[in-house]
Amino acid sequence: MPGKPTLIAPSILSADFADLKSALNLAETAGADWIHCDVMDGAFVPNITFGPFIVQAIARCTNLVIDTHLMIRDPDRYIEDFVKAGSHQVTVHQEACPHLHRTIQFIKGLGAKAGVSINPATPVSVLESILPDLDLVLLMSVNPGFGGQKFIPSSIGKIAKLDRMRREMNPGMLIAVDGGVTEENAAGLAAAGADSLVAGTAFFKASDPAAAARKIKGLE
Ligand code: DX5
Ligand code: ZN
């Protein structure tokens, strides 16, 4: 298998919230790299999930990198709470941040890695000016709001385009892909330039999550 394995970020959204400890244990023993925490506010996206309190509980039970995806309006109001709760990486939506540069500097100033996410209808070109400042870009390959949706195929072209942009402007930046990732499409996403794959359904609902993780990482 050429190249290094793709990182996998199981999305806690698809886990059993009555037993988060076991879900985190499962992710760790399955070789997960990050644990992806989907925060939704019922305004930026139609669904509501959880806030810093749950992230803090997650942080107490795992050594995985806590990768917090804020699908919320006006994220600046809550970023500090999520970093204090234990988030190592905080990703905000470009569509929710009128002063994105300020928001990114704010995240970094708190000692966390800073990411920007874009929705399927948002072109990667909007990231051109901010790219040199980013630790990661989270490309949405479904419309955010729910787990278990179907991968939007045009996302592949966006990964490849973003990969070209980062090679030129910020080679250390990571490309993560979120939504509809499966054991079947993972290799194509990695080939297009993805470094990290978020997997909710494909990990937590798999009959053998450890085997699913190995396949998604390109290890078998
Ligand atoms: C969607 C979330 C995703 C979601 C992925 O709004 O941002 O992280 O949990 O779930 P799957 O892998 O089931 O598409
Ligand atoms: Zn997400």
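Predicted model: local features only at pLDDT ≥ 70, side-chain atom pairs only at ≥ 80, totals over all residues.
## Zinc site

Four residues coordinate the zinc ion (ligand 2): H36 through NE2, D38 through OD, H69 through ND1 and D178 through OD. The distances run from 2.0 to 2.3 Å. Along the chain, the donors of the zinc ion (ligand 2) are spaced as H-x1-D-x30-H-x108-D. H36 sits in strand β2 and H69 in strand β3, 33 residues apart, so this pair links distant parts of the chain. Both histidines, H36 and H69, are buried.

The site of the zinc ion (ligand 2) is octahedral, with six donor atoms. The angles among these donor atoms span 70 to 170°. Ideal angles for six octahedral donors are 90 or 180 degrees.

## Largest pocket

The largest pocket holds about 520 Å³ of space. Its lining counts 26 residues. K4, P5, T6, A190 and A194 lie nearest the centre. By class, the lining has 14 nonpolar, eight charged and four polar residues.

Three helices each supply at least two lining residues: α5 (155–169), α6 (186–192) and α8 (209–216). Helix α6 gives the most, with four.

## Second largest pocket

The second largest pocket has a volume of about 290 Å³. Its lining comprises 25 residues, and those nearest the centre are G147, G148, G179, G180 and G200. Two or more lining residues come from each of β2 (34–40), β3 (65–71), β8 (196–199) and α7 (201–204).

In this lining, 12 residues are polar, 11 nonpolar and two charged.

Methods. Residues numbered from 1 in each chain as written. Chains lettered and ligands numbered in written order. Heavy atoms only, no water. 1 Å grid on protein atoms, 1.4 Å probe; cavity = no way out; pocket = protein on both sides within 12 Å on 5 of 7 lines; lining within 4 Å. Points joined across faces, edges and corners; volume = space filled by probe spheres on them. Nonpolar A, V, L, I, M, F, W, Y, C, P; charged D, E, K, R; others polar. Donors = N, O, S within 2.8 Å, 3.2 Å for Na, K, Ca; no water. Tetrahedral: all angles 85-135°; square planar, octahedral: opposite > 155°, others 65-115°. Buried < 20%, exposed > 50% of the residue type's maximum accessible area, 1.4 Å probe, protein only.
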